[in-house]
Amino acid sequence: MDFGFIITIFLIGFIGSYVSGMLGIGGSIIKYPMLLYIPPLFGIAAFSAHEVAGISAVQVFFATIGGVWVYRKGGYLNKSLIIYMGTSILIGSFIGGFGSKLMSENGINFTYGILAATAAIMMFIPKKGIDDIPHDQVKFNKWLAAILSLIVGVGAGIVGAAGAFLLVPIMLVVLKIPTRMTIASSLAITFISSIGATVGKITTGQVDYYPAAIMVVASLIASPLGAMAGKKMNTKILQIILAILISATAIKIWIDIL
């Protein structure tokens, strides 16, 4: 493994984790296609979809820790939301993580494409007035939150993502959670989800440990930096960046599938 390999993998991890901390997503929606397409472009390495999903699962686990640490103060973490959605997504991600080894690479990519397309559509639904709700007065349908996060968990476990790129639009559009609370709480829920996906990938031998270790180092540096930037940004700008990011990834994945 040469210096070029280390730098490339580190930069992919750094960029993805910075965005992860800033937007409250695990970062796999960026790192999955970057790991799949960038290393072969430079002739450095060629990871399979199974390897990319395994590396992403481990990396997300560490990226979300850094983000949650920055958001731990200020009332942004909704404990009830984290418990209900976190428990459900953990169960779902265990099921998806173990079941993924039975799927073909096209099956994994197809699942990723469906998740990304659904998230992209939801991000363009108007979200009026959600940021006017005081954080201590936020209410949501607990059972609906639990059921939706269970479904997200299964799909996320399959692709090695923690599912936050789909959780965020669900929390904003369906559950009507304010943007900054959504970002902070989704990082905590994503951390819980990544436990299931990571254990599933490791126990079925789907993790390439060397690039995963490089990305973990990048995550621990970049994720807190992204979270600090996200706390200062206008919530509308955060929503626009999320919408563009999710849409671009969905289009790219579907172009490759079709």
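Let me begin with a definition: the expected span of a helix is 1.5 Å times one less than its number of residues. Helices here are DSSP runs of H or I of at least four residues, numbered from the N terminus. This is a predicted model, in which local features need pLDDT of at least 70, side-chain atom pairs count only at pLDDT 80 or more, and totals for chains, interfaces and linings use all residues. Residues are numbered from 1 along each chain as its sequence is written, and side-chain values use heavy atoms, with hydrogens and water left out.

Helix 5, residues 105–123, has 19 residues and should therefore span 27 Å, which agrees with the 27 Å between its end C-alpha atoms. Its buried residues (under 20% relative accessible area) include Gly107, Tyr112, Leu115 and Met123.

I turn now to a helix pair. The axes of helix 1 (residues 3–23) and helix 3 (residues 49–71), which are lines fitted to C-alpha atoms over the stretch in contact, come within 9 Å and cross at roughly 40°. On the helix 1 side, the contact (heavy atoms within 4.5 Å) is made by Ser17, Ser20, Gly21 and Met22, and on the helix 3 side by Gln59, Ala63 and Tyr71.

Lastly, where is Ala188 placed? Ala188 lies in helix 8, residues 179–203, and counts as buried because its relative accessible area is 11%. Beyond its neighbours within four places in sequence, Ala188 is in contact with Val68, Leu77 and Ile82. Lys79 is 109 residues from Ala188 in sequence, yet their C-alpha atoms are 9.4 Å apart in space.

Notes
Axes are lines fitted to C-alpha atoms, for helices over the stretch in contact, and angles run from 0 to 180 degrees between N-to-C directions. Helices (H or I, at least four residues) and strands (E, at least two) are DSSP runs, numbered from the N terminus. Buried means under 20% relative accessible area, exposed over 50%, partly exposed in between (1.4 Å probe, protein chains only).
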